[in-house]
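Biologist: Hello! Could you show me how to read the features of a protein model, step by step?

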Amino acid sequence: MAHNCSSRRVGLLVASFGLITTGVHHFLLFLYPQYFIGTESARMAYLDSWFSLVSTIGLSLRFIMIPLVAAIGGFYLVYIDKEPVQRVAGWFLVSGFIYGFGILTLDWIVSEPSLQMSLTAAVQYGSLTMISVVLPALVGATVGHFSDDRSRTLPSQSA
């Protein structure tokens, strides 16, 4: 028996997971050493020992796991829960926008003083981040649609 999940819940879950992992990643890499470690030598020791590990895990979650979870979510919703591809694509577009805007905001809070990102670059970055959720979800939903035996029959064959 399949558990009936809505496209909205799964899409927002993917966006929330991405924002939480990115927030923890930014906190551990940038905010914790700057504001919670008092001396410069302790800060350098923390960054020397943890920077590589935290950045590798955080970036892997952000650029590999979040799109993979979006693709699996899109496939699950269409193939198992029989949601229409249009509804899945629509809700993942909304969640991708939330994810892209949230990641852009988190990155801007952390890096704006040093990078001085222009508005054009920020819009491009937010759009690419949004696409990193929407496109895998759409591919997963399309694969789920065409994996279903009933969707492969042509209307002339069903009669």
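Modeller: Let's start with the ground rules. This is a predicted model, in which local features need pLDDT of at least 70, side-chain atom pairs count only at pLDDT 80 or more, and totals for chains, interfaces and linings use all residues. Residues are numbered from 1 along each chain as its sequence is written, and side-chain values use heavy atoms, with hydrogens and water left out.

Biologist: How are two packed helices described?

Modeller: Two packed helices are described by the angle between their axes and by the distance between the axes. Helices are DSSP runs of H or I with at least four residues, numbered from the N terminus. Axes are lines fitted to C-alpha atoms, for helices over the stretch in contact, and angles run from 0 to 180 degrees between N-to-C directions. Here, helix H1 (residues 7-36) packs with helix H2 (residues 40-79) at an angle of about 175°, and their axes are 9 Å apart. That makes H1 roughly antiparallel to H2, a label for angles over 145 degrees.

Biologist: What makes two rings an aromatic pair?

Modeller: Rings of Phe, Tyr and Trp (its six-membered ring) pair if their centres lie within 6.5 Å; planes under 30 degrees apart count as stacked, over 60 as edge-to-face and the rest as tilted. This structure holds six aromatic pairs. In one of them, tyrosine 32 and phenylalanine 36 are stacked, 6.1 Å centre to centre with 25° between the planes. Both lie in helix H1, four residues apart, about one turn of the helix. Tyr32 and Phe36 also belong to one aromatic cluster with Phe27 and Tyr46.

Biologist: Are tyrosine 32 and phenylalanine 36 exposed or partly exposed?

Modeller: Buried means under 20% relative accessible area, exposed over 50%, and partly exposed in between (1.4 Å probe, protein chains only). Tyrosine 32, at 30% relative accessibility, counts as partly exposed, while phenylalanine 36, at 54%, counts as exposed.

Biologist: Which residue has its C-alpha atom 8.7 Å from that of tyrosine 79?

Modeller: That is phenylalanine 146, 67 residues from tyrosine 79 along the chain. Phenylalanine 146 has its place in helix H4 (residues 119-147).

Notes: Helices (H or I, at least four residues) and strands (E, at least two) are DSSP runs, numbered from the N terminus. Angles under 35 degrees count as roughly parallel, over 145 as roughly antiparallel, 65 to 115 as roughly perpendicular and the rest as oblique.
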